[in-house]
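Please read the following report alongside the sequence and the 3D view, taking the topics in the order in which they are set out.

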Amino acid sequence: RAVLHLDNCYHLPNLHVVSHRCKTHTQSSTAFRGFGGPQGMFGIETVIEAIAKQLGKDPLDVRRTNLYRDPAVSGDAKSMTTPYGQVIEDYVADRILAELETESGYRERRAAIDAFNAGSRTRKKGLAITPLKFGISFTATMLNQGGALVMVYQDGTVAVNHGGTEMGQGLNTKMAQVAADGLGIPVSLVRVTGTDTQKVPNASATAASSGADINGAAINDACDQLRARLAPVAAARLGCRADEVVFANGEASVNGQGGGKAIAWADLVKQAWLDRVGLSVTGFYKTPEIGYDFATLTGRAFYYYCYGAAVTEAEIDTLTGEWWCRRVDIVHDVGRSINPAIDRGQVEGAYIQGMGWLTMEECIWDSKGKLLTHGPSTYKIPVAGDVPEAFNVRFFDGANVKPTPYRSKAVGEPPLMLALSAFFAIKDAVSASAGHQVAVELDAPATPERILLACEHARRILRAV
């Protein structure tokens, strides 16, 4: 996954990647919101920053120069083809980056920060903007499938069971909305029950940000079947053809006209039961088009991509290494959101979680491989006080090119990588402590200790020059 995301938003025709596995004496670790993707993107963004430093350019300008481009504009037939051979069909990273640059006042703020740093001896500010492109699908093709069971009761209420796991991310809320929309009824009539293999067997893991996509599509499939069964029942009552029946606003009507030519949902369901029409349906979905060849390391690894960009402004104390996240501006691509409130929470939470990963969540092992940072007393995570007061999040205005539920896009993992801008903003501030004259050495997580040591190291090099 790290190798598949190493390109991020950049066309890299001269890149050659070798992936090594290392055996250690530490305990194995489970996946973390991107399982490899964040590490791959961190790698290429570090390269971009190093190039910018070497050339004396703003990193944003280097990023722009290396973005994927329309072959018709670039003249390169492969300028929209990934290193693994997939042609990108939905690329909008350049538009998102341009919108964010303007909305955040990036250039003006860069000048203001330079002025602040020139007049401040111990406090320094940094600014960074980073884009993201994150592929959505399990690389293991067989996992890209979902199932659902939708049951309609005589009173018109609906029970939905699907293969996804609700873990606080709002999946069940979205699935209730998908079912309500599919049947044309109020969401208050839908109840989503806990995942149960006796109802929906062989479920894939709720991972790869695919929970809403595959399970929502399976629910849509079940709702399509239910409408097909109910349409003739409604047509008989309404005196029309089955293909003229429209389900919306809690009723079935002729071509959506409502009024006198409509039957209430509860009455329709009751009539269907009297007519011995089955009101329980299983739905199934498998993601189309995808397929990755592990022998040739090529193929269509992802069904589509999510995009975004973030600007982070950070301030450090060069005497202590303490740092503050002053402002964050984000434009993120969620397609046509099923639930904007949930998606906003996911974007904001992912950024803060990613910021924690890159700035404070440090794992330390002893010489025997025993983990020493094993609990809250030794392992620091972000808390409410770490959330910046100026936290601006906007969704990019665009629909998914693929027919996902509502034309939405996955929102679980991708926004975590927006926090790369936090790390590079801190690194920019450290660089300012030495007048941006030397290359900065800073590893993640950028803890206060590492920030302080990086500042001192940069100043020593500057004095030695």
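## Strand β11 and its partners

In strand β11, Gly308 is the bridge partner of Leu132. Strand β1 (residues 123-136) is joined to β11 by 14 bridges, and these two strands run antiparallel; strands are DSSP runs of E of at least two residues and helices are runs of H or I of at least four, numbered from the N terminus, while two strands pair if DSSP finds at least two bridges between them. This is a predicted model, in which local features need pLDDT of at least 70, side-chain atom pairs count only at pLDDT 80 or more, and totals for chains, interfaces and linings use all residues. Residues are numbered from 1 along each chain as its sequence is written, and side-chain values use heavy atoms, with hydrogens and water left out.

β11 also pairs with strand β12 (residues 323-332), in the antiparallel sense and over nine bridges, and within β12 it is Asp329 that stands opposite Val311. The hairpin of β11 and β12 has five residues between the strands, and Gly321 there takes a positive phi near 85°.

## How β11 is enclosed

Strand β11 (residues 304-317) is largely enclosed by the rest of the structure, because 14 of its 14 residues are buried; buried means under 20% relative accessible area, exposed over 50%, and partly exposed in between, with a 1.4 Å probe and protein chains only. Tyr304, Cys306, Gly308, Ala310, Thr312, Ala314 and Ile316 point one way from the strand, whereas Tyr305, Tyr307, Ala309, Val311, Glu313, Glu315 and Asp317 point the other way, and all are buried.

When its neighbours within four places in sequence are left aside, Gln346 is in contact (heavy atoms within 4.5 Å) with Arg33, Gln169, Val411, Gly412 and Pro415.

## Cysteines without disulfides

The structure holds zero disulfides, a disulfide being a pair of cysteine sulfur atoms within 2.5 Å. Cys22 is in no disulfide, and the nearest cysteine sulfur, that of Cys363, is 17 Å away; Cys22 is exposed, with a relative accessible area of 70%. Cys325 is likewise in no disulfide, the nearest cysteine sulfur being that of Cys455, 17 Å away, but Cys325 counts as buried at 12% relative accessibility.

## Backbone exceptions in loops

Most residues other than glycine have a negative phi, and most peptide bonds are trans. Asn202, by contrast, has a positive phi near 60°; this residue is found in the loop between β4 (190-192) and α7 (211-238), where it counts as exposed at 66% relative accessibility. Tyr406, which is not a glycine either, has a positive phi of about 65°, and its place is in the loop between β13 (390-395) and α10; with a relative accessible area of 34%, Tyr406 is partly exposed.

A cis peptide bond, with omega about 0°, joins Ala444 and Pro445, and Pro445 has its place in the loop between α10 (420-432) and α11 (448-464).
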